[in-house]
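Terms are given with their cut-offs where they are used.

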Amino acid sequence: MAKKYDAIIIGAGHNGLINAAYLARAGKKVLVLERRHLVGGATVTEEIFPGFKFSVFSYVVSLLRPQIIQELQLPRFGLTILPLESTLTPLPNGDYLYRDSDHYRSLRDIARHSARDAEAYEEYNREMYFMAKAAQPIIDNPAPDPASLKPGELFRLARLGKNMLNMGPERLYTLAKLLTMSAADFVEQWFEAEPLIATLSASGIIGTNMGPRSPGTAYVLLHHYMGDIDGAFRAWGFPKGGTGAVAEAIARSARAFGAEIRCEAAVERVIIRNGRARGVVLNSGEEITCNVVVSSLDPKQTFLKLVDPALMPEELVQDIRRFNIRGSSAKVNLALDALPEFSCMPGKGNHLRGAISISPSLDYMERAYDDAKYGNIPRRPYIDIIIPSMIDPDMAPPGKHVMSCFVQWAPYELNQGTWDERREELGDNVIDTLEEYIPNIKSIILGRQVLSPWDIEQMTGLSEGNIFQGELTLSQLLFLRPAPGYARYRTPIHNYYQCGSGTHPGGGIMGASGRFAAMAILRSR
Amino acid sequence: MPLPTPFHRRTSALCQSQEWREWSGYLSAITYAPTHDIEYSAIRNAAGLIDISPLYKYEIHGADALALLNRIMTREIGRCKIGQVIYSPWCDDDGKIIDEGTIARLHNDSFRVTAADPNLRWFQDCGYGMHVEVRDVSAELAALALQGPNSRGILKTISPESDWDALKYYRLLKTEIGGIPVTVSRTGYTGDLGYELWIPAAHAEVVWDEIINAGRDYGLLPAGLAALDIVRLEAALRLIEVDYISAHRAINRAEEYSPYDLGLGWTVPRDKINFVGWRRLRREQQHGSSKRFVGLEVDWLALRKLFMRADLPPQVAGRTSRLGVPIYGNGIQIGQATSMTFSPTLKKYIAIGTVNRPHGLVGSEVEVEITVEYERKRAPARIVKTPFYSPKRKRA
């Protein structure tokens, strides 16, 4: 006989697990249902080749809200975040741009490219500190609806407005620019050195089907700057054990609060009776009843697949259909026999313990985007590399290494052929690109895993493989995410909620939407 | 990984204490001797040689060089004749200090500016469209401060052909030391008789050796940053990032300082217009500023008593303490003391800091926080005129 639960959460991604943990913490009887054999969604560590552990999809953390780390006691359940030490931008001419925690050395290296930029770098960092600080009340609160006249909403708006005014006029103007400009134009207000401009604006195109010169990308840049690790704003880190360890820590916390998690339990649809969610049907045919259903899946699945769209207002259905969810990112994970040897910076140094960005110039980036824009596999893509085994040696057998290559851009739909046929072409282009900077790369590859947007969709279920469950453009943020009137985790169906990163405040391993959704559910019960 | 200065081979051989600090990305000795006090005594009673190469140095050339400097600096730079040096802060549009330094007029259209922070971009941007070139010469120009009553004697020995007696305070001359062309300015950060030497980096060691060799007969010692920090406080000279925050780095309004806030109102001429920040400064001059720069003398006997009660000898900052402590007036906090030290020359515990106006008039009684055996106490102190120490020989 099926047990009756207070809440069922569909999908054990980090937001689903966080949502479950908060509900369980409040004493609710909670069940999480996961299609795959492991928890994490796009936050998983898997041993694709024996002994080599890949953070298969997401690969670094910064945005995970400190409230969640504290309230769910994640360190107690195994969360350890290791520092990413540096950022290396190797250049095709054998030169490089290198920044790390050695402040003055980093400035000197920037000064090699432009003395003015070295000075501007400090000003830029200071300005971005203010911007991240301004953005924190936005990501740390549900999105107020400016069209609503409810006192609660007006109060929230007023509080946000007060925050904005407290910034002072100059900072407010910068914020306005940040919300409207392209990442490249924004960054070029400070800098003139191509590798620095390209590498900084790269934060504006991660997971986004736009080039660094497309307006609106400056916001995505801010989105990547809003995090703080241990109080250090903008810091990015690597979770010990890969990003899967983040999901596992949350799962452990959720279980400790009493939540139940079932893997290999794919939900077919949500049971709705009399306009109320009553439970779910698994694809095995099993029915599980409950009082509340929470979908952590993306808005397309939440509104169009798990329930019959006919049960919802037609305008909402159309809004969700039009919700921009273009997948644009790919991933190449490599098992390596030895460390990669960069021609610009040989040897085993701190440069291998941080991010390595193949972003030599803005034109290079735009050309990569151009390829993808017309449905082609980019010949020379932007690649964000980390070598997790240099940060956490347990990720690979002793002396061996794993290398994570995040690739931007890869079109979801190819203009010729299918990803199933052409997947390895992308892998080859990535390796050929890497070889220009790492001459020994081909000789040390023991295994490679190539994940196109289509593969990401197949494996994680994320529609079109969009890593943010919908693009982070201003038109799809705050009270507009995923659709006007539905930014506060509800749906038109009573007791059916959404908690994924397709809701405010959006993607990255942030967890805020999972937490806010839980708070909304608890408040209404 | 701090860089060595052009004197590093010499300074590292002399640095017995192995106490170093990073200064603007360069390695700087905190003390050479095991303790700083003999270095301090050398500066005040004989001579000290301080490697100040990490200072930022800019050269400004071109038909509009004077116009650019007048645009940037609060002071009227036209008053600075060839061969003269002038001190000035520079501000942002809000009239808050970005940095301060000396401006030396090398030729009619050629100046050299020293700065504590990088300012190349600011100077270049302020000169946009002008006929002027701003060059960062920080790395190509090594710098030494030769400071103390015997500094003139040492220069006379190593460069007898120059007329050192004629070189007045805040003037410069060009000379040769050991065959190396050196610009010498009668400036310093010690409040004493002293000189700063601007030397081509490639030949830095030659000049160092000449000075050290000649200095033996004059009691010269190499001096580190610990000794410098005490003498500059005796002279009540402010230090960026310690006594005030650059407007380019300040995170909030409280961290920003106008020249009036820092006791530098005298650097803002009433008749000068169109320099960066002038309107705000004009308004502040008329309506008053919110902060006041103060010098404090802590009542030594009262302080001694606080420690004696805990059976301790007075434990005060032997070096300059840069940990800000609250200043209280009538029991409420009115500001903070930002640099504090025991002055061996004055035998007084002195501090500089900032208080909120109208507090802080000279002569008023306040209290500063002192920690005795982990307990926070308040010691009586008096606001006094600064500088605390200014010997006649500084200008004579």
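In which loop of chain B is the place of Asp92(B)? Asp92(B) sits in the loop between β5 (85-91) and β6 (97-107) of chain B. Helices (H or I, at least four residues) and strands (E, at least two) are DSSP runs, numbered from the N terminus.

The model is predicted, so that local features need pLDDT of at least 70 and side-chain atom pairs count only at pLDDT 80 or more, while totals for chains, interfaces and linings use all residues. Residues are numbered from 1 along each chain as its sequence is written, chains are lettered from A and ligands numbered from 1 in the order in which they are written, and side-chain values use heavy atoms, with hydrogens and water left out.

Leaving aside residues up to four places away in sequence, Asp92(B) touches Ile98(B), Trp122(B), Ala247(B), Val276(B) and Gly277(B); contact means heavy atoms within 4.5 Å. A polar atom of the Asp92(B) side chain lies 3.0 Å from the backbone nitrogen of Asp94(B). Between the C-alpha atoms of Asp92(B) and Arg280(B) there are 9.7 Å, although 188 residues separate the two along the chain.

## Salt bridges

Side chains of opposite charge can pair when their charged atoms come close. A salt bridge is counted when a side-chain nitrogen of Lys or Arg is within 4 Å of a carboxyl oxygen of Asp or Glu. Over all chains this rule gives 54 salt bridges. Some of them are tabulated here.

| Salt bridge | Closest N to O distance |
|---|---|
| Lys240(A) and Asp394(A) | 2.9 Å |
| Glu153(A) and Arg488(A) | 2.9 Å |
| Glu122(A) and Arg249(B) | 3.3 Å |

Lys240(A) is partly exposed at 33% relative accessibility, whereas Asp392(A) is buried at 0%. Lys240(A) also forms a salt bridge with Asp394(A). That pair links distant parts of the chain, 154 residues apart, with Asp394(A) in the loop between α14 and β18 of chain A. The relative accessible area of Asp394(A) is 47%, which means partly exposed.

Arg253(B) is exposed at 57% relative accessibility, and Glu256(B) is buried at 10%. One network, joined by salt bridges that share partners, holds Glu122(A), Asp117(B), Glu241(B) and Arg249(B).

## Domains

Domain bounds come from an automatic or database domain assignment. For chain A the assignment gives domain 1 (5-43 + 63-72 + 241-323 + 463-523) and domain 2 (115-192 + 203-235). Their centres, taken over C-alpha atoms, are 26 Å apart. Contact joins 23 residues of domain 1 of chain A to 25 residues of domain 2 of chain A. The two domains bury about 2,000 Å² between them, with 61% on carbon and sulfur atoms; buried area is the accessible area (1.4 Å probe) that two parts lose on being put together, summed over both.

Chain B is assigned domain 1 (8-55 + 139-223), domain 2 (57-134) and domain 3 (253-257 + 290-384). The C-alpha centres of domain 2 of chain B and domain 3 of chain B are separated by 35 Å.

## The interface of chain B and chain A

At this interface, 20 residues of chain B are in contact with 16 residues of chain A. About 1,600 Å² is buried between the chains, and carbon and sulfur atoms give 43% of this area. Met1(B), Arg121(B) and Ile251(B) supply 42% of the area that chain B buries against chain A, more than any other three residues. The rule finds three salt bridges across the interface.

Key: A polar contact is a pair of N or O atoms within 3.5 Å; within protein, one must be able to donate a hydrogen and the other to accept it, and residues adjacent in sequence count only if both atoms are side-chain atoms. Buried means under 20% relative accessible area, exposed over 50%, partly exposed in between (1.4 Å probe, protein chains only).
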